[in-house]
Amino acid sequence: MSLKYAVLAALLEGEASGYDLAKIFDVSVSNFWAATPQQLYRELDRLAGEGLIDARVVPQERRPNKRMFGLSEAGRADLAAFTARQPKPMAMRDELMVKVQAADAGDLDAVRAHVEERMSWAQGKLARYERVRHHLLGGLGEDEFLAEAERVGPYLTLLGGIALEQEYLRWGRRVLDVLDRRASRVS
């Protein structure tokens with residue numbers, strides 16, 4: 001999948017500037033797709049050139065003019081066709097996994113520290129995701145939100161991100177436990 005469909009899906013929230021879109025990506029899309037602001041701006045220009053998004057300039061006083069982007073009908077149709085296609089299998093490339101794989105021949109203390117650091121990142125992401133979850137629910141219970149919300153896609157992807165980070169923490173605790181037991185056996 002290209003950045004294209006992540007941008008089109010994010011624009012389902014409504015018209016946004018490149019800056020706003022970068023914030024949307026940081027908060028609600030980053031749990032499944034990462035992009036730098038520079039990548040987003042290049043993609044917005046490309047999508048506007050293809051007619052998949054509409055772009056307009058909003059004049060501002062005391063600031064540079066702002067470009068606003070919205071999903072065009074062609075973009076909606078392309079996004080709909082994308083949702084119907086079979087997704088490609090996820091390919092994972094994670095340097096930490098290679099380090100854990102090589103732990104028996106490497107520095108166990110360093111590998112342990114790397115796993116602890118990744119677990120710390122996961123805890124931070126979980127805290128951020130929970131804040132986003134609270135914001136999305138807007139005071140409603142989950143069942144009520146899922147039954148009444150105009151859009152549930154962002155919430156469902158957020159649940160996936162939460163589950164992945166929770167699983168990462170569970171896996172990390174297991175790795176640390178095994179490494180500790182092996183280290184005590186060697187001592």
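## Basis of the description

Buried residues are those under 20% relative accessible area, exposed ones are over 50%, and partly exposed ones lie in between, as judged with a 1.4 Å probe on protein chains only. The model is predicted, so local features need pLDDT of at least 70 and side-chain atom pairs count only at pLDDT 80 or more, while totals for chains, interfaces and linings use all residues. Residues are numbered from 1 along each chain as its sequence is written, and side-chain values use heavy atoms, with hydrogens and water left out.

## Aromatic pairs

Three aromatic pairs occur in the structure; rings of Phe, Tyr and Trp (its six-membered ring) pair if their centres lie within 6.5 Å, and planes under 30 degrees apart count as stacked, over 60 as edge-to-face and the rest as tilted. Tyr-5 and Phe-82 are stacked, at 4.0 Å centre to centre and with 5° between the planes. Because Tyr-5 belongs to helix H1 (residues 3-10) and Phe-82 to helix H4 (residues 73-84), this pair ties together parts that are 77 residues apart in sequence. Helices (H or I, at least four residues) and strands (E, at least two) are DSSP runs, numbered from the N terminus. Tyr-5 is buried, with a relative accessible area of 10%, whereas Phe-82 is partly exposed, at 24%.

Tyr-168 and Trp-171 form an edge-to-face pair, at 5.4 Å centre to centre and with 85° between the planes. These residues are three apart in helix H8 (residues 153-186), which means that about one helical turn separates Tyr-168 and Trp-171. Tyr-168 is buried, with a relative accessible area of 18%, and Trp-171 is partly exposed, at 23%.

## The faces of helix H4

The buried residues of H4 are Gly-75, Asp-78 and Leu-79. Seen down the helix axis, they fall within an arc of 100° and therefore line one face of H4, the arc being that of the directions from the helix axis to the C-beta atoms. Glu-73 and Ala-84, on the other side of H4, are exposed. The cover over the buried residues of H4 includes H1 and strand S3 (66-71), where contact means heavy atoms within 4.5 Å.

## Nonpolar cores

A nonpolar core is a set of buried Ala, Val, Leu, Ile, Met, Phe, Trp, Tyr and Cys residues joined through side-chain atoms within 4.5 Å. The largest has 20 residues, and Val-7, Leu-8 and Phe-25 are among those with the most contacts inside it. Two or more residues each come from H1, helix H2 (18-29), helix H3 (37-49) and S3, and H1 gives the largest share, six residues.
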